[in-house]
Amino acid sequence: MRTIVVTVCSGTACYILGGSDLLTLRDHLEEPYSRHVMLAGSPCLNRCKDRSENKRPPYVTVDGKVYGNMTLETLVKTVQSVLDAS
Amino acid sequence: MNNSFIEMDSCQITKGGQRICGDVFLLERVAESGRVVATLSDGMGSGVKANVLANLTAGMGQRFALAGSDMRKNAEAILNTLPVCRERKISYATFTLADIQPDGSTHLVEYDNPLTLWVRGGTCKDPERRAHIMERPGAFREEVLQFSHFSLQPEDRLVICSDGVAQSGMGTKPHPLGWRESGLRDYVEEILSQDARISARDLAKKIAQRAVANDGYQARDDISCVVAYARTPRKLLVATGPPYEASGDAELAQSMAQYPGKRAICGGTTASIISREWNSPVHVNLDERDRSVPPSATLEGADLVTEGMLTLGKTAELLENRWEADIPAKNAAEKLTLLLRESDEVSFVVGTRINEAHHDPTLPFELGIRRTLIDRIRRALELIYLKKTDVTYV
Ligand code: FES
């Protein structure tokens, strides 16, 4: 299993729309996944201003790819599937 | 003396068993000029009666001094107004009045409080005092008012105490006659030799706590200590919001880099701009477990980086409610509050580019606009904490 970086946006829009929960990702990942995740924050991933994509805050990047509308549940699932596939 | 900031703060500990302090300390800073006028008054006895008398005395001192009339006439007027105690034939309240101009020029009027210490270079000295003797009908002895006029230099301090400090420990083995002025002097010099830059607030606290310790940890009289400290102002720059024109980014980053003081950045976009311009990464502090506001971040060259609206809103609330600091601060708003409170002059640089995200009607919250929040914070800093502030819109 590779180790991947997960960046959770903690900017205003993302934080209010659920980003605060996403920052607790660590507490919700089980082994062996948790060992393979490096969690980081970002003051603003710059997506909140971009109306072109049909996504909404909160934004997260998982292994370089951007995801919007994240909940803790979908984030855990996404991380697991990315890691499973690696 | 140029450009010194007069930091003045006090620490009071009420006599054991009393709920109201009989010493009253009033302080006023004249916003336009930076002049500071302060009076410490010790009412006879303790409790409510002492408090009322001290309040009356200190209030008169402040009003007269601020009105700017002749110091001697003022002091006489106070003494003539104060009643004389029928049994003890002494005056009901003592006072020390300090009037300090921003250039350091200082007038002191002292009446029956322990003499003020003037500290320079870590050593206590005495200002040259002129005694003025007053005979009041009904008083059993002549009353002595002491006047002095001298100039505070940068890094000078004044230490003003009530006799609860000078007489602390009286009758105990180490201090049979009380701590006295000599004990206080030695202690102040000892503290300054350990920490020459100690704040007025901390020095006043240390002295008061030591006096209570002398009393066996139960104050035997109301204990008050006031410290004035003339020092170079502590400056803080708070940048929040991206400049209206994107071309202003580089300018903002540059003026921040050159700012002669501490720097705080409040806002994700602003942090990204500065990070890009300074070529220095931002790291969000994920170990901050208190989640009432978004976590703070670190960026080399900045003393604090926080999110914008939520943190500023919370900070305004903490300042307005006179939040009592727990150190270490638990979240970004508390960190910002502490940083603001330990600064003397705060300059806000407010960017006016509209952040599209906040105008999304589906966002389930009402964000006060940046301007309103900054206004609230400035008002609290000026009115409650006597700070100087200014704001620039970019
Ligand atoms: S606040 Fe999250 S992308 Fe801007």
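Is A:Asn46 buried, partly exposed or exposed? With a relative accessible area of 44%, A:Asn46 is partly exposed. The model is predicted.

A:Asn46 is not a glycine, yet its phi is positive, at about 70°. This residue sits in the loop between S2 and S3 of chain A.

A:Asn69 is likewise a non-glycine residue with a positive phi, here about 50°. The loop that holds A:Asn69 runs between strand S4 (65-67) and H3 of chain A.

## Cis peptide bonds

The bond between A:Glu31 and A:Pro32 is cis, with omega about 5°. A:Pro32 belongs to the loop between helix H2 (25-28) and strand S2 (37-42) of chain A.

A:Pro57 and A:Pro58 are also linked by a cis peptide bond, with omega near 0°. A:Pro58 lies in the loop between S2 and strand S3 (60-62) of chain A.

## Nonpolar cores

The largest nonpolar core has 37 residues, and the members that touch the most others are A:Val6, A:Leu25, A:Val62, A:Leu75 and A:Val79. Helix H3 (residues 72-85) of chain A supplies the largest share of this core, five residues. A second, separate core has 26 residues, among them B:Trp179, B:Leu184, B:Ile191 and B:Leu192. In soluble globular proteins, nonpolar side chains tend to be buried together.

Leaving aside residues up to four places away in sequence, A:Val6 touches A:Leu25, A:Val37, A:Met38, A:Leu39, A:Ala40, A:Val60, A:Thr61, A:Val62, A:Leu75 and A:Val79.

Technical notes:
Residues are numbered from 1 along each chain as its sequence is written. Chains are lettered from A and ligands numbered from 1 in the order in which they are written. This is a predicted model: local features need pLDDT of at least 70, side-chain atom pairs count only at pLDDT 80 or more; totals for chains, interfaces and linings use all residues. Side-chain values use heavy atoms; hydrogens and water are left out. A nonpolar core is a set of buried Ala, Val, Leu, Ile, Met, Phe, Trp, Tyr and Cys residues joined through side-chain atoms within 4.5 Å. Buried means under 20% relative accessible area, exposed over 50%, partly exposed in between (1.4 Å probe, protein chains only). Helices (H or I, at least four residues) and strands (E, at least two) are DSSP runs, numbered from the N terminus. Contact means heavy atoms within 4.5 Å.
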